[in-house]
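Please read the following note alongside the model. The points are numbered so that each can be checked in turn.

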Amino acid sequence: MKRLHMWMTEEVGAKRAEELNPLLLAYLGDAVYEVFIRYHLVAQGKIRPNELHGRAVQFVSAVSQARAVHQIEHLLTDEEKDILRRGRNAKSGGVPKNAKASEYRTSTGLETLIGYWHLKGEAERLQDIMEQVILALEEGEGDGT
C-alpha cells in the first residue's frame, strides 16, 4: 500500500499542487479552512460546545467566505490571485440556496487558495492569511454583514 502524505506535501499522486483541478484544491481547502475555524472557536474558550456549530456557520458560509476574500484580496501576490481566480472560475455545478452564485464562486476561490497553500507546505502564509480572514469576519459581525 502506498504511504499517505496528508500534511503539507507538494504532490498529490503524480501532480504538483498547481497542476491539480481547482475544485480538488477547493475540496481540500474547505476542510483545512474548517479546521482553522474550529480551532479558533475552541481556543477562545468562551463558547459552550452546543453553541460551536452555530458560531462556526458564521465563518464557513459562502457569504462569509466571499466577504473575507474582498477584505484580504489586496494582501495576495499575483500568483495567489491567479489561484484564487482559477478557483472562482471553476465550474462546480450547483449553488447553495442561501448564497448568490458570485458569492459561492468567490468562496470556492478562497478554498482553492487554502488547499494550494496546504499542499505547497506554505504553513506560515496560510496561518497569516487565515488570521486576517478571521479578523475580517469578526469585525464584520457588528455591522450586520
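Is Arg38 buried or exposed? Arg38 is exposed, since its relative accessible area is 53% (buried means under 20% relative accessible area, exposed over 50%, and partly exposed in between, with a 1.4 Å probe and protein chains only).

1. Basis of the note. This is a predicted model, in which local features need pLDDT of at least 70 and side-chain atom pairs count only at pLDDT 80 or more, while totals for chains, interfaces and linings use all residues. Residues are numbered from 1 along each chain as its sequence is written, and side-chain values use heavy atoms, with hydrogens and water left out.

2. Confidence. The protein chain has an average pLDDT (the predictor's confidence in each residue, from 0 to 100) of 84, and 86% of the residues score at least 70. Over residues 1-6 pLDDT stays under 50, and the model has two contacts for them beyond four places in sequence, a contact meaning heavy atoms within 4.5 Å. Where pLDDT is low, the predicted coordinates should not be read in detail.

3. The structure holds six salt bridges, each defined as a side-chain nitrogen of Lys or Arg within 4 Å of a carboxyl oxygen of Asp or Glu. One of them joins the side chains of Glu34 and Arg38, at 3.0 Å from N to O. Both residues lie in helix 1 (residues 22-44), four residues apart, or about one turn of the helix. Glu34 counts as partly exposed because its relative accessibility is 23%.

4. Pairs between helices. Glu80 forms a salt bridge with Arg125, with the closest N and O atoms 2.7 Å apart. Because Glu80 lies in helix 4 and Arg125 in helix 6, this pair ties together parts that are 45 residues apart in sequence. Glu80 is buried, at 6% relative accessible area, whereas Arg125 is partly exposed, at 23%. Arg55 likewise forms a salt bridge with Glu138, where the closest N and O atoms are 4.0 Å apart. That pair links distant parts of the chain, Arg55 being in helix 2 (residues 52-60) and Glu138 in helix 6 (residues 123-141), 83 residues apart.

5. A buried serine. Ser107, in helix 5 (residues 101-120), counts as buried because its relative accessibility is 3%. Leaving aside residues up to four places away in sequence, Ser107 touches Ala62, Gln65 and Ala66.

Technical notes:
Helices (H or I, at least four residues) and strands (E, at least two) are DSSP runs, numbered from the N terminus.
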